[in-house]
Amino acid sequence: MVSIMRGIGLYSYMVGASIRAQLQYRYAFVMNILGWAMTYAGTAVTMWVLLYSFGALDGWIFWELIFLFALAVLSWGVCMIFFFHFRSLDQYIVNGTFDRFLVRPIHPFFHFMAMKFDVGAFGQFLFSIAAVGLAYSNLHLHWTWQWLVFLGAVIGGALIQGGLLVAISSVAFWTTRSERLYWVIMWPLKSLMNYPLSIYPRLVQLLVVFILPFAFVNYLPALILLGKTGRVFAPFWGALSPLVGAIFFALCFRFWMLGLDRYKSAGS
Amino acid sequence: MYWEFSRKSFQRSAAYRFDVWTRIAGNIMFLFMWGFIWYALYYGKETVGGVSFQAMLGYIMISQALQGIHGAGAQLWEIQERVRTGDIAMEMLRPYDYTTRMLFSDLGSIFFYFITAVLPLYTVLFLVLKPSVSLTLAQMGLFIVSAVLGFLIRFCIEMTFGLFTFWLIETGGVEDVFYFSISLFSGSLVPLWFFPGWLEQVAHYLPFQAIFFVPNSIFVGQLKGPDIFNALLGQAIWLLLCFVILRLVWHRASMKIVIQGG
């Protein structure tokens, strides 16, 4: 218990330092946030253009599609705050600077995680909260218990995406290179999930439900939250997001620790 | 002399073959994603706005292939990085023109990427998926001319945006304008004929449609007859304009570096 309290104290302290460091460059700080928000708004505009002539994509009208997209962006924002810098773990290993995380009296995973608190993620929040709000009012939703599912989807989604980031980064313990994998596995997968899962072949659907559970990030929760019926998966599956997220993250964390045990410094 | 840069960057690409494979893997995944999106949009419809699904499939396949080719060159962030770290000063000391050198380096890596990844894979994909394309020899020739013009226009614009880094410490905003324009207004994902009328007008007056939309449309036979020549003329004018702007910005940027270095 004491160690947990100490951990939280340390984490807040290091996060505070990280935020102060990022606030040193005011203009960069603001542009970073606006830049992310604009990038997502750009994708939303593309979706609008796409649906202009066609009306709906497999039964999903524009605002439903925006909701699906924004839900993924929201949990990605939460995930980014805690785990985004795991993407560049391989650079620490290659440069030999990872060793410093091993010689301090804190758990190395925790230490690396606390190293950065990415304020750029506020751009994700700016876009996704505005988009979810607009979709909510345009689709005339009235949630009661659904707010719990929504909250669960954000937490579960952050854990699922964070888990995969952690798992990808741990590949660097064996190969010293992992960032490429982010661009080959995670980036296409994330883009894929911006559109309803039902348009993809069964193999892809099974992959993102049972192996890399990205369906629990936005598609399955969106089915419940928008009151839609999935053709294959019962909507209640979406409520399982936090559970799936916790299990997946735990597995990824085990994998990371496995890699850490194998780690031999690359520095000379 | 500049061909030497092409040769070197060809060899460099050959040495980092793993990068080529991961890049083409990502490219193909996005092709499949857009294929399924368009398939779902077209489900139950023969043609939309006079365009069949088979033609649309041809459009996104050639678009994705071209995007792959464009992506093999130096990216906006690499140019920005070179300006930001000051590496560009070393380049300017050397007896060649920086932008021309970059173009020739790009040609080398693109050629490697083209013959080892894009050409074989997309040949197979076209044979297997059989999209409807209009391939008379003359049209194929015009398509190639148009694609090359599009490539040069994209190069000039990307380089110009990269050089803006000389004036800006933080390039976030500039970058986003560039990436947004190149993904939407170029017609790389959604062809301009599906745009709402007013947005199509806007896009027609921007240079970005000359990058992907014109060659893609020629490829699938949506642009025909004299329209092709008008479109090619438009591309040529855009290229000239973008080139002049690039040279102007480059000239101002080199003055800027002299001032800072003094």
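This is a predicted model: local features need pLDDT of at least 70, side-chain atom pairs count only at pLDDT 80 or more; totals for chains, interfaces and linings use all residues.

Guide: Residues are numbered from 1 along each chain as its sequence is written, and chains are lettered from A and ligands numbered from 1 in the order in which they are written.

Helices here are DSSP runs of H or I with at least four residues, strands are runs of E with at least two, and both are numbered from the N terminus.

A residue is termed buried if 20 or more other C-beta atoms lie within 10 Å of its own, exposed if 12 or fewer do, and partly exposed in between, with C-beta atoms placed from the backbone. By this criterion the buried residues of α11(A) are S241(A), P242(A), V244(A), G245(A), F248(A), F249(A), C252(A), W256(A) and G259(A). Seen down the helix axis, they fall within an arc of 150°, so they line one face of α11(A); the arc is that of the directions from the axis to the C-beta atoms. On the other side of α11(A), the exposed residues are A250(A), R254(A), L258(A) and D261(A). The cover over the buried residues includes α5 (108-114), α7 (146-175) and α10 (219-225) of chain A.

Of its 268 residues, 42% count as buried. A compact globule of 268 residues would have a radius of gyration near 18 Å, and chain A has 19 Å, which agrees; the radius is taken over C-alpha atoms, and the globule rule is 2.2 Å times the number of residues to the power 0.38. The C-alpha atoms of chain A fill a box of roughly 60 × 45 × 40 Å along the principal axes. Two residues are in contact if their C-beta atoms, placed from the backbone, lie within 7 Å. Among the contacts in chain A with a separation of 6 or more, 80% join residues 24 or more positions apart.

Chain B comprises 11 helices and two strands, arranged along the sequence as α-α-β-β-α-α-α-α-α-α-α-α-α. Of the 262 residues of chain B, 40% are buried. The C-alpha trace of chain B spans about 65 × 45 × 35 Å along its principal axes.

The contact between the chains draws 28 residues from chain A and 26 residues from chain B. On the chain A side, α2 (26-52) and α8 (179-192) each supply at least two residues, and the largest share, 14 residues, comes from α2(A). The chain A residues that touch chain B divide into 19 nonpolar, seven polar and two charged. Here Ala, Val, Leu, Ile, Met, Phe, Trp, Tyr, Cys and Pro count as nonpolar, Asp, Glu, Lys and Arg as charged, and the others, Gly among them, as polar.
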